[in-house]
Structure formats: structure tokens, C-alpha cells
Amino acid sequence: MNRRKLAFSTMGTPDYIAPEVLLKKGYGMECDWWSLGAIMYEILVGYPPFYSHDPITTCRKIVHWRNHLRFPEDAMLSPEAKYLIYRLLCDVEHRLGTNGPDQIKSHPWFKDVMWDQLYEMEAAFKPEVNGELDTQNFMKFDELNPPTSGRTSSGPSRKQQLNPKDLNFVGYTYKNFDAVKTLRDNPDLMQSASSDSLYGNRRSSSESHHNNGNYFLPD
């Protein structure tokens, strides 16, 4: 793909972002077909395919989608639906829509859809709306106290919780080799570290900012 046609910015709700967007290697319009697959999964199953309470964990799952894309047995999706989602939530090179939307429109799951007559067809469901503040078409939930943590929500609000700097470390795990080696070679220190963790002790700020021997490794 021509690099001039690629975009490199990161935006959107984490649940629907394509892996090539998170990896910051450049992406094209094919990322929208990934989002379509994620939305289709959520509509048919009831929740996004890589959902997590933590947006960063969601991003990690998306980057490693081969290990996390699963269909629950109770969802009872048709083989055609599963196949379509698999062909949307995949590498760019194999993703439906890469060579145009007709690839998707001609998929067996859409065999009964008359694309040329969509504007003339009567809608399968017509919601009744009595005003701008009418919420009768939304599910009703019991009122709960707002969560104390700011990282437990889903949907559009999660977009604000995803710091662009966090994306630099998606797919990486923090390791402090010097600390691990020191603890391993000194049982007394290991016991002391366990006690500190148990009683909530904290290192001084000068120690906390000491970076020698710290690395970020790919998962």
C-alpha cells in the first residue's frame, strides 16, 4: 500500500479499533471493516469481541486477536455469520472489503438483502419516539452508585480513558530484571518484599523513579 495513503493517528472507542491502528504502522480504510466486524459481533452476541473493564487490556486483546477471538456456545450464531465475522476481524491482507464493499455485500450472510432496494423497503422495526427525551426504547437498569474507579466503563466514555501514551506499550510487559535477580539471589530480601506488598508499604519517590535495569518486553 502506498505510504502516502496511510494514516497514523489513533482515535476511537477501544472496543472497535483495528490492530493496525493500535500498532501505529499505518492504516487505510480497511480498518473500518474491522470495526464493522466488531459491531456485528456485539449485535449478535451481546458484547464486543475483545471486551475488558480495562481499555488497555482490550487493546492488548485486539493486538493478539488470534488468541482471543471466540464465539460463546450459547450465542448460536449461524456458520455464515461466524464466517463473515472471521473475515472482517482478521489481518488486512485477508479482510473482506479490502478490494471494495462488494466483497461484503456478496457474502452468503447477506444473500436475502436486496441492496438496490434498501431505500424503498419497509423497515423491519420502527421505534416509537414521543419526543427528544423519550427513553422507552432503551433498556432500563437499576440505579447504582457511580463507580469509584474511572476504568470500568464501556462504550464512548472509554475513549477519554485511553491515553495516547498508553498505546506505546500495548503488546508489552514490564520487567525489572535487576530487581528479580536480586530477590532470587537473596531469600531474605524476597521475604521482606513479600511483607512490604502484604502491608502496603511503598518505596520512596527517589527509588520509584530509578530506571536502571527496567525494560519493556513484547508479550
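Modeller: We begin with contact, which means heavy atoms within 4.5 Å. Helices (H or I, at least four residues) and strands (E, at least two) are DSSP runs, numbered from the N terminus. This is a predicted model, in which local features need pLDDT of at least 70 and side-chain atom pairs count only at pLDDT 80 or more, while totals for chains, interfaces and linings use all residues. Residues are numbered from 1 along each chain as its sequence is written, and side-chain values use heavy atoms, with hydrogens and water left out.

Colleague: How many helices and strands does the chain have, and in what pattern?

Modeller: There are nine helices and two strands. Along the sequence they follow α-α-α-α-α-α-β-α-α-α-β. Of the contacts with a separation of 6 or more, 63% are between residues 24 or more positions apart.

Colleague: How is a residue judged to be buried or exposed?

Modeller: Buried means under 20% relative accessible area, exposed means over 50%, and partly exposed lies in between (1.4 Å probe, protein chains only). In this chain of 219 residues, 28% are buried.

Colleague: Which residues of helix α5 are buried?

Modeller: In α5, residues 79-88, the buried residues are Ala81, Leu84, Ile85 and Leu88. They lie on the same side of α5, because they cover an arc of only 95° around the axis. That arc is taken from the directions from the helix axis to the C-beta atoms. Their cover includes α2 (30-45) and α6 (102-105).

Colleague: How is a pair of aromatic rings described?

Modeller: Such a pair is described by the distance of the centres and the angle of the planes. Rings of Phe, Tyr and Trp (its six-membered ring) pair if their centres lie within 6.5 Å; planes under 30 degrees apart count as stacked, over 60 as edge-to-face and the rest as tilted. The structure holds seven aromatic pairs. One of them joins Tyr41 and Tyr47, with 6.3 Å centre to centre and 65° between the planes, and is edge-to-face.

Colleague: Are Tyr41 and Tyr47 buried or partly exposed?

Modeller: Tyr41 counts as buried because its relative accessibility is 2%. Tyr47, with a relative accessible area of 38%, is partly exposed. Ring pairs also link Tyr41 and Tyr47 with Phe71 and Tyr86 in a cluster.

Colleague: What is a salt bridge, and how many are found?

Modeller: A salt bridge is a side-chain nitrogen of Lys or Arg within 4 Å of a carboxyl oxygen of Asp or Glu. A search of the whole structure finds five. Among them, Lys105 and Asp102 meet at 3.8 Å, N to O. These two residues are three apart in helix α6, so about one helical turn separates them. Lys105 is partly exposed at 32% relative accessibility, whereas Asp102 is exposed at 53%.

Colleague: Which residues make the nonpolar surface patch?

Modeller: Patches are made of residues with over 30% relative accessible area and no salt bridge; like charges are joined within 9 Å, and nonpolar side chains (Val, Leu, Ile, Met, Phe, Trp, Tyr) within 5 Å. Here Val113, Met114, Trp115, Leu118 and Met121 make a nonpolar patch of about 400 Å². Trp115 is in the loop between α6 and β1 (172-176) and is partly exposed, at 32% relative accessibility.

Note on methods. Accessible areas come from the Shrake-Rupley method with a 1.4 Å probe; for residues, only the protein chains shown count as cover.
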